Amino acid sequence: MVLLQTSLNSDRQNKLISHYQKALVIKYNNPHAHEKLAQIYRNQFQFQQASYHYIKSLQFDPNNHRNYWGLRYSLLPASWGKEKIDDGLLEEGVALLYQTVENQPNFPFARVVLGTLLTLQGKIESAIDSCKAASYQQILLSHPHLVEEHWDFGQQLQPKFIIPGFRKCGTTSFYSYLINHPQVLPAVEKELHFYTPFLKQDINYYLAHFPEISNSKNYITGEATTRYIYSLKIAQQLFALFPKMKFIILLRNPVDRAISSYYQRCRLSYVDYTYKSQFTEVTQNCLNNTIEKIPSLINQWLDWLSDDPLSFLRKKYQKFTDCILLPDLLESLYIYYLKEWMNIFPREQFLIIKSENLFENPSATMKQVYKFMNLQDNYIAKYSNCNPGSYAPIPDNLRHQLVDFFRPYNQQLEEYLGMKFDWE
């Protein structure tokens with residue numbers, strides 16, 4: 001049944017592509033049609049095609065800021081593959097972004113995207129300059145006094161913390177709370193993904209994404225790329241560069257995390273399963289098959305994590321189409337990833353936060369974080385959910401089945417960390 005639905009989903013995407021291509025024949029400068037094509041191609045792992053249509057959409061509507069994010073997150077995975085990105089497309093993108101940074105000086109992220117394009121052209125020094133300019137603009141908008149008093153071109157602030165995972169655990173909200181602290185300065189973007197696509201670049205390239213200030217004793221900075229936690233290779237590279245790095249990791253009830261992750265995959269990939277809006281008896285059968293396969297697949301899954309990022313993504317989203325929730329369940333087996341990282345970094349360099357504590361009592365949780373980071377206490381007037389999701393609850397019998405599945409893994413986690421989570 002799931003394979004049938006996947007085929008239907010593919011047919012639906014092809015029909016949408018045909019629809020929007022016809023719309024462009026009628027009106028080629030239609031930014032909406034280009035945006036929709038970009039989204040579909042991105043979900044089909046055709047990242048070069050996606051990048052092309054994001055660029056076209058922005059040419060006709062440069063004020064649609066969400067498409068700059070779409071362009072960057074098409075360019076990054078496009079760079080992971082073996083196929084070289086078309087030179088003409090890169091030139092077109094660079095010209096567009098130079099125009100954007102000139103016309104929209106209060107939009108620092110445009111310089112981040114420009115830096116990505118320049119990197120793909122091999123113009124590393126120009127890319128570094130663009131990222132530094134993005135950081136300068138960003139801090140000028142948020143901390144103008146700091147720029148005036150302490151900005152020092154060439155004096156790079158090194159990251160003191162990284163939030164390496166897990167997805168769908170509240171990381172976006174948490175990072176926004178943390179950089180609200182007057183002593184914490186943001187990176188040019190929450191998720192830098194430096195250790196995934198740009199492993200061959202010099203460390204100065206990475207540091208260019210953080211502020212340049214001389215008053216380094218009173219300020220800290222860091223980033224939050226939730227893909228890092230799934231890679232032992234990244235942990236090893238981080239240890240070689242920053243052996244004293246501190247890590248903050250949020251852990252959400254794995255049942256809720258897996259379901260939230262599944263619905264996000266549905267939303268992002270135009271999945272048209274019959275159980276997308278509500279889990280049905282079809283789901284029950286698929287879930288049974290999925291859970292049966294997990295013990296034999298754990299080692300294979302962990303081996304895949306050493307692949308290049310694009311190969312891993314293709315396997316994750318395309319090879320498990322007959323097993324509902326399988327990648328989402330595997331990513332929720334926290335014990336396997338934390339053990340790998342804590343075999344490299346000392347346990348005391350990790351702060352493990354129960355996501356539910358952050359959701360229910362953010363003030364108390366942030367006090368714990370400030371103490372871990374040696375920061376002064378800070379008052380935040382409002383704690384907002386920065387990335388809310390909405391979906392129908394699953395039936396009680398399915399939830400109980402997932403609770404039973406995760407119970408032994410959660411027990412291992414509690415014993416290893418010396419913490420109680422009491423997830424049900």
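Leaving aside neighbours within four places in sequence, which residues is Phe166 in contact with? Thr171, Thr226, Ile229, Tyr230, Ile249, Leu250, Leu251, Arg257, Glu331, Tyr334, Tyr337 and Leu338. Contact here is heavy atoms within 4.5 Å.

Some ground rules. This is a predicted model: local features need pLDDT of at least 70, side-chain atom pairs count only at pLDDT 80 or more, and totals for chains, interfaces and linings use all residues. Residues are numbered from 1 along each chain as its sequence is written, and side-chain values use heavy atoms, with hydrogens and water left out.

Now the overall picture. The chain has 19 helices and 7 strands. Both are DSSP runs numbered from the N terminus, helices being H or I with at least four residues, strands E with at least two. Of 424 residues, 55% are buried. Buried means under 20% relative accessible area, with a 1.4 Å probe and protein chains only. Take contacts between residues at least 6 apart in sequence: 77% of them join residues at least 24 apart.

Next, the sheet. It is open, with 5 strands in the order S3-S5-S2-S6-S7, and the pairing is parallel. At the edges stand S3 (184-186) and S7 (350-354); each has a single partner strand, so one side of each has no neighbour in the sheet. Two strands count as paired if DSSP finds at least two bridges between them.

Go through the pairs. S3 and S5 run parallel over 3 bridges. There, Pro186 has Gly222 in S5 as its bridge partner. S2 and S5 are also parallel, joined by 2 bridges. Ile162 stands opposite Glu223 in S5. S6, residues 246-251, pairs with S7 in the parallel sense over 5 bridges. Ile249 is the bridge partner of Ile352 in S7, and Leu251 stands opposite Lys354.

What packs on this sheet? Helix H9, residues 171-178, touches S2 (161-162), S3, S5 (220-223), S6 and S7. Its direction makes about 135° with that of S6. Angles run from 0 to 180 degrees between N-to-C directions, and axes are lines fitted to C-alpha atoms, for helices over the stretch in contact. Helix H16, residues 334-342, touches S6 and S7, at about 175° to S6.

Look at burial in the strands. In general, side chains in a regular strand alternate between the two faces of the sheet. In S7, Phe350, Ile352 and Lys354 point one way, Leu351 and Ile353 the other, and all are buried. S5 is covered on both faces: Ile220 and Gly222 on one side, Thr221 and Glu223 on the other, all buried.

On to the cores. A nonpolar core is a set of buried Ala, Val, Leu, Ile, Met, Phe, Trp, Tyr and Cys residues joined through side-chain atoms within 4.5 Å. The largest has 120 residues. Phe166, Phe174, Ile248, Leu251 and Leu329 touch the most other members. Helix H19, residues 396-417, gives this core its largest share, 8 residues. A second, separate core of 8 residues includes Val147, Trp151, Leu157 and Ile213.

Last, a helix pair. H4 (residues 66-80) packs on H6 (residues 109-120) at about 25°, axes 10 Å apart. That makes the two roughly parallel, a label for angles under 35 degrees. Residues of H4 including Tyr68, Trp69, Leu75 and Ser79 meet a set in H6 that includes Phe109, Val113 and Leu120.

Key
Buried means under 20% relative accessible area, exposed over 50%, partly exposed in between (1.4 Å probe, protein chains only). Angles under 35 degrees count as roughly parallel, over 145 as roughly antiparallel, 65 to 115 as roughly perpendicular and the rest as oblique.
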